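Have the viewer open and follow along.

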Amino acid sequence: MDAQPLRIGIAGLGGRVGRLLAEEVPSDGAMLAGGTTRNGQPVAGIDCPVHADIAELARHCDVVIDFTHADTVVPHAAALAGTGTAWVLGTTGLSPVQQQAVDTAAKQIAVVQAANFSPGVTLVTRLARQMAAVLPGSDYDAEILEMHHRQKVDAPSGTALAMGRAVAEGRGIRLEDHIESGRDGHTGPRADGAIGFAALRGGQIVGEHSVIFTSTHEQISLTHRSFDRRVYATGAVRAARWLQGRRNGLYDMEDVLGLERPA
């Protein structure tokens, strides 16, 4: 007897990434078990059940992929933990309370949480952490530059913040204590050890991120450009597939890619 296909549900079926996920799930050989939408109505062109809420969706799935909104994270965490359904979470901009809800759910279910599901972004972020560990803030200024489409509402982006967090981790500091974002006017000289952010918006750019280390004598840049947001959908489906049979816990895309953790 053939094995039952992985049943994947999509929270936010009608969103940009949600629509791509609806294509990628069956292309991967998994079953599109349903989704949720803001108005509870079906999405034109997507043939799958639309469930009334996240708990009902979870009862029909092995894993739910979630690219919705930070405001939904707490109820989604409770619902998925309650049904024992694995969770792939790509929502960014979480408050400490919302992140705590994710951490608590991960004690009961397997969760892959990432600011970006692109393999390339995952590798750039890892390299940024490694470089920051050997390029001290006293000698190398770290700046993160990102550009997105004109409709994006948050800045810096979740991916940029994840890269900044990686730089901070490499240097053994807290990003919150060293972040410089949105400089304007007479700001004075750049603070030693600061991690700077600049956000650009325009057109329909999917996503561009650069981590730049600059000293008095040299500059090193790590740059990633996304040409199609489908890369996020394929990465999320890969994460959902990877979650099969995993024990409860909080994972990220480095785990999905099989990258060894530094000692």
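How many bridges join strand 1 to strand 2, and do they run parallel or antiparallel? I looked this up before anything else, bearing in mind that the model is predicted. Strand 1 (residues 7–11) and strand 2 run parallel, with 5 bridges joining them.

I then traced the whole sheet, and found it open, with 6 strands in the order 2-1-3-4-5-11 and parallel pairing. From one strand to the next, I noted an average twist of 20°. Helix 1 (residues 16–27) packs on this sheet and touches strand 1, strand 2 and strand 3 (63–66). Its direction makes about 170° with that of strand 1.

Next I went to an open sheet of 5 strands, which has mixed pairing and the order 7-8-6-9-10. At its edges I found strand 7 (179–181) and strand 10 (219–226); each has a single partner strand, so one side of each has no neighbour in the sheet. The twist here averages 15° from one strand to the next. I checked strand 7 against strand 8 (residues 195–201): they pair in the parallel sense over 3 bridges, and Glu180 stands opposite Gly196 in strand 8. Helix 6 (residues 158–171) packs on the sheet, where it touches strand 6 (141–148), strand 7, strand 8 and strand 9 (207–214). I read about 25° between the direction of helix 6 and that of strand 9.

In the loop between strand 6 and helix 6 I stopped at Pro156. The peptide bond joining Ala155 and Pro156 is cis, with omega about -10°.

**Entry: the two domains**

The domain assignment gives domain 1 (7–113 + 229–257) and domain 2 (119–226). I found their centres, taken over C-alpha atoms, separated by 28 Å. Domain 1 puts 9 residues into the contact and domain 2 puts in 11 residues. The area buried between them is about 880 Å², with 53% given by carbon and sulfur atoms.

Which side chains meet in a salt bridge at 3.0 Å, N to O? I found Glu254 and Arg129. Across the interface of domain 1 and domain 2 there are 2 salt bridges, and 3 residue pairs are in polar contact. On the side of domain 1 that touches domain 2, helix 7 (230–242) and helix 8 (253–256) each supply at least two residues. The largest share of that side, 3 residues, comes from helix 7.

Key
Residues are numbered from 1 along each chain as its sequence is written. This is a predicted model: local features need pLDDT of at least 70, side-chain atom pairs count only at pLDDT 80 or more; totals for chains, interfaces and linings use all residues. Side-chain values use heavy atoms; hydrogens and water are left out. Two strands pair if DSSP finds at least two bridges between them. Helices (H or I, at least four residues) and strands (E, at least two) are DSSP runs, numbered from the N terminus. Axes are lines fitted to C-alpha atoms, for helices over the stretch in contact, and angles run from 0 to 180 degrees between N-to-C directions. Contact means heavy atoms within 4.5 Å. Domain bounds come from an automatic or database domain assignment. Buried area is the accessible area (1.4 Å probe) that two parts lose on being put together, summed over both. A salt bridge is a side-chain nitrogen of Lys or Arg within 4 Å of a carboxyl oxygen of Asp or Glu. A polar contact is a pair of N or O atoms within 3.5 Å; within protein, one must be able to donate a hydrogen and the other to accept it, and residues adjacent in sequence count only if both atoms are side-chain atoms.
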